[in-house]
Amino acid sequence: MADDNKSDEVTPEEQALADEWAAALDEAGDADQDDIDAMLATANSSPRMPMEEFNAPSASGGDQFDGTDSPNLDVILDIPVTISMEVGNTDITIRNLLQLNQGSVVELDRLAGEPLDVKVNGTLIAHGEVVVVNEKFGIRLTDVISPSERIKKLR
């Protein structure tokens with residue numbers, strides 16, 4: 001019975017978080033549905049810039065091309081992306097997830113020796129195999145998906 005009361009107690013961290021939420025809600029004021037609808041109408045009525053194709057000439061006449069009818073990739077080369085290698089995956093229940101501990105083995109959907117998936121921002125771009133380079137793991141690309149196939153996967 002004493003354990004039940006202990007779980008109902010609020011920790012100082014929980015109380016501080018609740019106080020922050022209460023203060024934020026007080027600052028928000030009494031926004032009703034009419035206020036929300038008015039904000040959405042204002043946002044939807046604002047003029048929007050037309051979408052331009054990446055390989056289409058720029059409407060501003062800027063130096064977007066290098067003269068070979070291909071886009072100037074310099075504008076996007078410094079954009080960071082996340083690359084990940086996927087060994088495999090599986091679906092398990094939350095009950096089994098909570099029972100995992102050190103030494104547990106999770107069976108994946110791949111066979112041993114099967115290539116890994118190489119993904120950029122979650123999109124499959126290649127397959128590869130694990131290698132060791134200077135005592136660190138690496139991946140040797142064995143099959144790279146063509147740019148046209150990558151575009152098809154995005155749609």
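This is a predicted model: local features need pLDDT of at least 70, side-chain atom pairs count only at pLDDT 80 or more; totals for chains, interfaces and linings use all residues.
Is E129 buried, partly exposed or exposed? At 36% relative accessibility, E129 counts as partly exposed, a class that lies between buried, under 20% relative accessible area, and exposed, over 50%, with a 1.4 Å probe and protein chains only.

Residues are numbered from 1 along each chain as its sequence is written, and side-chain values use heavy atoms, with hydrogens and water left out.

The mean pLDDT of the chain is 75, and 62% of its residues reach 70 or more, pLDDT being the predictor's confidence in each residue, from 0 to 100. Over residues 1-6 the pLDDT is below 50, and beyond near neighbours in sequence that stretch has zero contacts in the model, a contact meaning heavy atoms within 4.5 Å.

Now to the salt bridges, of which the structure holds three; the term requires a side-chain nitrogen of Lys or Arg within 4 Å of a carboxyl oxygen of Asp or Glu. E129 pairs with R140, with the closest N and O atoms 2.9 Å apart, and this links strand 3 (residues 123-133) to strand 4 (residues 136-144), strands being DSSP runs (E, at least two residues) numbered from the N terminus. R140, at 47% relative accessible area, is also partly exposed.

In the salt bridge between E86 and K119, the closest N and O atoms are 3.2 Å apart, and K119 is buried at 19%. R110 and D117 meet at 2.4 Å, N to O, and D117 is buried at 10%.

Note on methods:
Helices (H or I, at least four residues) and strands (E, at least two) are DSSP runs, numbered from the N terminus.
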